[in-house]
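Q: Please take a close look at one part of this model, the strand pairing and the pockets beside it. Describe what the computed geometry gives for that part.

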Amino acid sequence: MSVERIIAAPPETIFAVLSDAARHRDFDGSGTLQGTKRESHPLQLGSRFGMSMKWGVPYSTVNDVVEFDPANTIAWRTTAFGGVIGGRVWRYELLPVEGGTHVREIWDIGADKQRVLLRHSPMPERTRRAMQKSLERLAQLVEKSG
């Protein structure tokens with residue numbers, strides 16, 4: 001599943017926010033992300049970062065950066081509970097266009113261990129709405145700073 005929008009900021013500005021795990025809470029549209037588990041360092045291919053989450057109850061995720069092309073693409077695979085749950089990939093693709101950047105956020109559950117359950121639950125629609133809100137919040141964040 002993907003959502004997209006044009007954001008009035010250059011790809012480099014948007015990528016700087018996406019590649020800083022400590023900033024993810026600033027644009028999270030789901031309301032579940034509480035913050036990083038440790039001090040954040042700029043992400044790169046192979047980086048691993050933990051997130052404190054809360055969806056009814058607190059839990060943690062481990063995220064591995066699986067794609068990294070500065071100012072173009074960043075993606076991380078998310079797992080929880082020691083890898084028992086998850087495997088979904090969150091990907092952001094950035095393309096410069098007139099007036100800013102075309103941003104596409106993708107939720108890829110193709111390798112997720114719960115993909116069959118996810119597909120037949122309210123989660124896809126809930127996630128689509130949260131992704132739209134995330135891109136809206138990301139736009140507000142980078143358009144204010146630019």
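A: S4 and S5 are paired antiparallel through eight bridges; strands here are DSSP runs of E of at least two residues, helices are runs of H or I of at least four, both numbered from the N terminus, and two strands pair if DSSP finds at least two bridges between them. Within this pairing, Val-62 faces Thr-79 in S5 as its opposite residue. Three residues lie between the strands in the hairpin of S4 and S5, where Ala-71 has a positive phi near 70 degrees.

This is a predicted model, in which local features need pLDDT of at least 70 and side-chain atom pairs count only at pLDDT 80 or more, while totals for chains, interfaces and linings use all residues. Residues are numbered from 1 along each chain as its sequence is written, and side-chain values use heavy atoms, with hydrogens and water left out.

S3 and S4 also run antiparallel, joined by eight bridges. Lys-54 is opposite Pro-58 in S4. The hairpin of S3 and S4 has one residue between the strands, and Gly-56 there takes a positive phi near 85 degrees.

S3, S4 and S5 each give at least two residues to the lining of the second largest pocket. A pocket is an open set of points on a 1 Å grid over the protein atoms alone, where a 1.4 Å probe fits, with protein on both sides within 12 Å along at least five of seven lines; lining residues have an atom within 4 Å of a point. The volume of the second largest pocket is about 280 Å³, counted as the space filled by probe spheres set on the points, which are joined across faces, edges and corners. Its lining has 20 residues, and Arg-38, Glu-39, Arg-48, Phe-49 and Gly-50 are the closest to its centre. By class, seven are nonpolar, nine polar and four charged; Ala, Val, Leu, Ile, Met, Phe, Trp, Tyr, Cys and Pro count as nonpolar, Asp, Glu, Lys and Arg as charged, and the others, Gly among them, as polar.

The largest pocket holds about 910 Å³ of space. Of its 37 lining residues, Thr-32, Met-53, Tyr-59, Arg-88 and Trp-90 lie nearest the centre. Elements that supply two or more lining residues include strand S3 (48–55), strand S4 (57–69) and strand S5 (73–80). The largest share, six residues, is from H4. The lining of the largest pocket comprises 20 nonpolar, 13 polar and four charged residues.
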